[in-house]
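Here is a friendly briefing on one structure, with the helices, the cores and a few selected residues grouped by topic. Please keep the viewer open as you read.

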Amino acid sequence: MILAIDIGNTNIVIGCIKNSNVLFTERLSTDQTKTVLEYAISFKNVLEMYNLSPSMIDGAIISSVVPPVTNLIRTSVEKITGKSVMIVGPGVKNGLNILMDNPAQVGSDLIVNAVAAIHEHKPPLIIIDMGTATTISVVDKNQNYIGGMIIPGIGISLDALTSRTSQLPRISLEPPKKTIGKNTIDCMKSGIIHGNASCIDGMIDRIEKELGEKATVIATGGLAYAIIPHCTKEILIDDELLLKGLWLIYQKNKPCA
């Protein structure tokens, strides 16, 4: 059984995987002020919630887009498990052919998502990850990672909207009863929910036009369930996609017994 962790700008996704089966998926807040011990206690508590002990962990793998937190997390995991931790990055085999101007600039989370998507679905693929930013990755029919888009995330958009307007309140991400809002709250909810859904639908159209063919579309990330159900396109939601990718990369690189 391995411990798989993805460090994002807002959340840390953590899960245990045994024989390619994801046993659980949980999220912790990303906090650069936490100490190694505080993170170690958090991970130990999550494991105990699922009746698992650190001694049951055979190895661990981390992908991260927050370098200052990466070593904190690695040290905390090593402290509770006694096992060395693999970090997704240069020198780690992923089997992905990246056709970008600078492949080293591609976020490790995007690589991990693409590895999992290729393993489970027939390309071409469009992979949407809805977190702090909404990222869209494209894999062509030959399984090449050919690029994508970065869109301001829902949380960022909401924060900008409420912080820069004096009369607009903070709102929850609940869909309004109708697309055409009849009050300020419902107008904001419609703009955020239906506006982002329409953006996703429109980007899929443009990507498929550029590819010259239809693609399988997979969505993941903490905010996918809030937006994707309101899209008109057929989009699969897989909250475990990133953890599955980390498992696959770990298997490609794990030390020989």
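Asn113 sits in helix α3, which spans residues 108-120; helices (H or I, at least four residues) and strands (E, at least two) are DSSP runs, numbered from the N terminus. The model is a predicted one, in which local features need pLDDT of at least 70 and side-chain atom pairs count only at pLDDT 80 or more, while totals for chains, interfaces and linings use all residues. Residues are numbered from 1 along each chain as its sequence is written, and side-chain values use heavy atoms, with hydrogens and water left out.

- Asn113 is buried, at a relative accessible area of 2% (buried means under 20%, exposed over 50% and partly exposed in between, with a 1.4 Å probe and protein chains only).
- Not counting residues up to four places away in sequence, Asn113 touches Ile127, Asp129, Thr220, Leu241 and Leu242, where contact means heavy atoms within 4.5 Å.
- Ser55 is 58 residues from Asn113 along the chain, and their C-alpha atoms are separated by 28 Å.
- The axes of α3 and α7 come within 7 Å and cross at roughly 85°; axes are lines fitted to C-alpha atoms, for helices over the stretch in contact, and angles run from 0 to 180 degrees between N-to-C directions.
- The two helices α3 and α7 are therefore roughly perpendicular to each other (65 to 115 degrees; under 35 counts as roughly parallel, over 145 as roughly antiparallel and the rest as oblique).
- On the α3 side the contact includes Asp109, Val112 and Asn113, and on the α7 side it includes Leu241, Leu242 and Lys244.
- By class, this contact of α3 with α7 has 9 nonpolar, 3 polar and 3 charged residues (Ala, Val, Leu, Ile, Met, Phe, Trp, Tyr, Cys and Pro count as nonpolar, Asp, Glu, Lys and Arg as charged, and the others, Gly among them, as polar).

**The α4–α5 pair**

- Helix α4 (residues 154-163) and helix α5 (residues 184-211) have axes that come within 11 Å and cross at roughly 150°.
- That makes α4 and α5 roughly antiparallel to each other.
- Ile154, Ser157, Leu158, Leu161 and Thr162 of α4 meet Met188, Ile192 and Asn196 of α5.
- The residues of this contact of α4 with α5 divide into 5 nonpolar, 3 polar and no charged.

**Nonpolar cores**

- The largest nonpolar core has 33 residues, of which Ile61, Leu96, Tyr145 and Leu246 touch the most other members; such a core is a set of buried Ala, Val, Leu, Ile, Met, Phe, Trp, Tyr and Cys residues joined through side-chain atoms within 4.5 Å.
- At least two residues of this core come from each of β1 (2-7), β2 (11-18), α3, β7 (125-130) and α7 (241-253).
- Apart from this core lies another, of 26 residues, with Ile128, Ile192, Ile228 and Cys231 among them.
- Beyond four places in sequence, the contacts of Tyr145 include Leu96, Val106, Leu110 and Ala114.

- Thr134 belongs to strand β8 (residues 133-139) and is buried, with a relative accessible area of 2%.
- Setting aside neighbours within four places in sequence, Thr134 has contacts that include Ile128, Asp129, Met149 and Ile200.
- Asn144 belongs to strand β9 (residues 144-152) and is buried, with a relative accessible area of 13%.
- Asn97, Leu99, Val138 and Val139 are touched by Asn144, not counting residues up to four places away in sequence.
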